[in-house]
Amino acid sequence: MIKEYSERHSDIKTKVELRQQRHSKSKRAIPSYLSLLLHVFLLQIFTRFLRSQDFGTQLINMDVDAGATSAVDTDNQQTPVLRGRSKAIHQFTQQTLPACKPVLTPAWVIATFFMMGVLFIPVGLISLHASQSVHEIVDRYDVDCVPDNFKNNKIAYIKNSSVSKSCHRYLKAHKHMKAPIYIYYQLDNFYQNHRRYVKSKSDDQLLHGLGYNKTSSCEPQAFDNGLPIVPCGLIAWSLFNDTFSFSRGTKKLEIERKNIAWKSDREHKFGNKVYPFNFQNGSLIGGGKLDTTIPLSDQEDLIVWMRTAAFPSFRKLYGRIEEDLEEDDIIIVHLKNNYNTYSFGGTKTLVLSTSSWLGGKNSFLGVAYIFVGSSSILIAFIFLLLHVKNPRPYGDTMYVSGGRKDISS
C-alpha cells in the first residue's frame with residue numbers, strides 16, 4: 001500500500017517538473033519570436049525605402065497620403081453644425097479663428113519705417129512750435145525776499161512772526177502775453193509723493209465733515225485738544241500760504257481765483273456743507289489757515305493743494321490774470337513770503353505763463369516725436385542699403401503656416 005502511494009507520488013512529481021520545464025521554454029521562446037518578427041518587419045521597411053529613388057519624396061508622399069486618407073475619413077463622419085456662440089468658442093479653442101498674418105517683406109518693413117518718420121516729424125514740429133509759442137516769466141523769490149540780517153539764518157526769519165514777510169518783485173514782459181495769463185507757484189525738493197504724506201487725509205471727512213469720525217489715517221493731525229480737525233491730515237496742514245498781488249504802473253491787475261480746481265473735485269470730493277473746524281489751532285502751525293465761513297468746496301486753493309504731485313518739483317495754479325500784457329511792460333509783484341521751505345532745503349518760484357492749444361510750455365512731446373520720426377527714417381535707409389547690397393530671394397508665402405498649397409506638387 002505504501003509502495004503504491006510512493007510510486008504515484010513520484011509519477012505526479014515527474015509530470016509537474018515536465019510541465020514547468022515546458023512553461024519556462026515557452027517563456028523564453030515568446031520574446032525570441034517577437035524579436036525575430038520585429039527585425040524582419042524593420043528590415044522589410046528599410047529595404048523598401050532603399051529601393052525607392054528618392055527617400056525625401058517617399059516621406060512626403062506618405063504624409064500626403066495619410067492627410068488625404070484622414071480628410072476622406074473626416075468627410076465621411078458627420079460633424080455637428082455649430083452656430084453662434086458655440087461656433088465662436090469652438091473656433092477659439094481649436095485656434096481656427098480668422099486672423100491676419102502679415103508677411104514682413106523687406107519692402108513692407110522699409111515702407112513702414114519711412115511712413116512713421118514722415119508722420120511723426122511733422123507732428124513733432126507742430127507740437128514743438130506750439131510749446132515755444134508759450135511765453136513764461138519765471139522768478140525765484142525765496143532767497144531775495146529774505147532780509148539781509150537773516151541771510152545766514154533763514155529758518156529763524158521764517159519762524160519769527162514779528163518780522164515782516166512782505167516783499168516786492170519787478171518782472172518784465174519780454175513779449176506780448178495774451179490773456180488769460182496763468183499764475184503758478186513752483187516748489188522744488190518738496191516730496192508730496194511720500195507714501196505717508198499721500199495717505200494722510202480722509203476723503204470721507206472732506207465730503208461729509210464731522211459726521212465721519214474714522215480719521216486714523218490723518219494721524220498725527222486728526223485731533224487737537226480732544227477735538228477733531230477738519231480737514232485733517234498732513235496734506236491740509238501743510239497748505240501753501242504765500243500770497244501774491246500784481247500791478248502794472250499805478251493800475252492793479254485783478255486776479256481771478258475761481259475755477260482753478262478741477263470741477264470733479266469741487267463737486268464730488270469736497271462737501272458744500274463741510275466747513276473748517278479746529279484747523280491750525282495747535283501749537284505747531286504747518287501752513288495756511290482756512291476761512292471757517294466758507295465751505296471746503298469753495299476753497300479752491302485747498303482743493304488744488306490736496307491733489308498731490310508725483311514729482312518733487314511741481315507747479316500748482318494760483319490764479320489767472322484776465323488782461324493782456326504788452327511787450328516791455330513792468331509788473332510789480334507784492335508778495336507775502338510766509339511758507340517755510342528753508343527747513344528742508346526747498347525753493348519757491350513764481351511763474352506767469354500763457355497757454356496754447358496744447359497746454360503749457362513743454363517741449364518733451366515735440367522732441368520725442370521728432371526723435372522717433374528721425375530714428376525711423378534712419379532705420380529705413382539702413383534697411384534699404386542692406387537690401388540693395390545683399391538681396392535675398394523671397395520664399396513662397398503659401399508654405400507659411402495657414403497656407404493650403406500642395407507640398408507634394
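Which residue in β10 does cysteine 167 stand opposite? Cysteine 167 stands opposite leucine 335. The views below come from a predicted model, in which local features need pLDDT of at least 70 and side-chain atom pairs count only at pLDDT 80 or more, while totals for chains, interfaces and linings use all residues. Residues are numbered from 1 along each chain as its sequence is written, and side-chain values use heavy atoms, with hydrogens and water left out.

**View 1. An open sheet of four strands runs in the order β2-β10-β6-β7.** The pairing in this sheet is antiparallel. Helices (H or I, at least four residues) and strands (E, at least two) are DSSP runs, numbered from the N terminus. Two strands pair if DSSP finds at least two bridges between them. Strands of a sheet pair through backbone hydrogen bonds, either parallel or antiparallel. β2 (166-172) and β7 (251-253) stand at the edges with a single partner strand each, so one side of each has no neighbour in the sheet. On average, neighbouring strands of this sheet are turned by 30 degrees against each other, direction ignored; for such angles, axes are lines fitted to C-alpha atoms, for helices over the stretch in contact, and angles run from 0 to 180 degrees between N-to-C directions. Leucine 335 is the bridge partner in β10 of phenylalanine 244.

**View 2. The side chains along β2 alternate between two faces.** Cys167, Arg169 and Leu171 point to one face and are buried. Buried means under 20% relative accessible area, exposed over 50%, and partly exposed in between (1.4 Å probe, protein chains only).

**View 3. A disulfide joins cysteine 145 to cysteine 167.** A disulfide is a pair of cysteine sulfur atoms within 2.5 Å, and here the S to S distance is 2.0 Å. The torsion about the S-S bond is about -75 degrees, so this disulfide is left-handed. Cysteine 145 lies in the loop between β1 (136-140) and α5 (154-159), and cysteine 167 lies in strand β2, 22 residues apart. Both cysteine 145 and cysteine 167 are buried.

**View 4. A disulfide joins cysteine 218 to cysteine 232.** The S to S distance is 2.0 Å. Cysteine 218 is in the loop between α7 (203-208) and β4 (223-224), and cysteine 232 is in the loop between β5 (227-228) and α8 (234-237), so the bond ties together parts 14 residues apart in sequence. Cysteine 218 is buried at 0% relative accessibility, and cysteine 232 is buried at 1%. A search of the whole structure finds two disulfides.

**View 5. Serine 200 lies in the loop between α6 (195-199) and α7.** Serine 200 is buried, with a relative accessible area of 1%. Contact means heavy atoms within 4.5 Å. Not counting residues up to four places away in sequence, serine 200 touches several residues, including Cys218 and Cys232. The side chain of serine 200 reaches the backbone nitrogen of leucine 234 at 2.7 Å; a polar contact is a pair of N or O atoms within 3.5 Å, where within protein one must be able to donate a hydrogen and the other to accept it, and residues adjacent in sequence count only if both atoms are side-chain atoms.

**View 6. The largest nonpolar core has 51 residues.** A nonpolar core is a set of buried Ala, Val, Leu, Ile, Met, Phe, Trp, Tyr and Cys residues joined through side-chain atoms within 4.5 Å. Among the residues with the most contacts inside this core are Leu187, Phe244 and Trp305. The elements that give two or more residues to the core include β2, β6, α10 (300-306) and β10. α10 gives the most, with five residues. Leaving aside neighbours within four places in sequence, tryptophan 305 is in contact with residues including Tyr185, Leu187 and Phe240.

**View 7. The peptide bond from alanine 179 to proline 180 is cis.** Its omega is near 0 degrees, and proline 180 lies in the loop between β2 and β3. Another cis bond runs from glutamate 219 to proline 220, with omega near 10 degrees. Most residues other than glycine have a negative phi, and most peptide bonds are trans.
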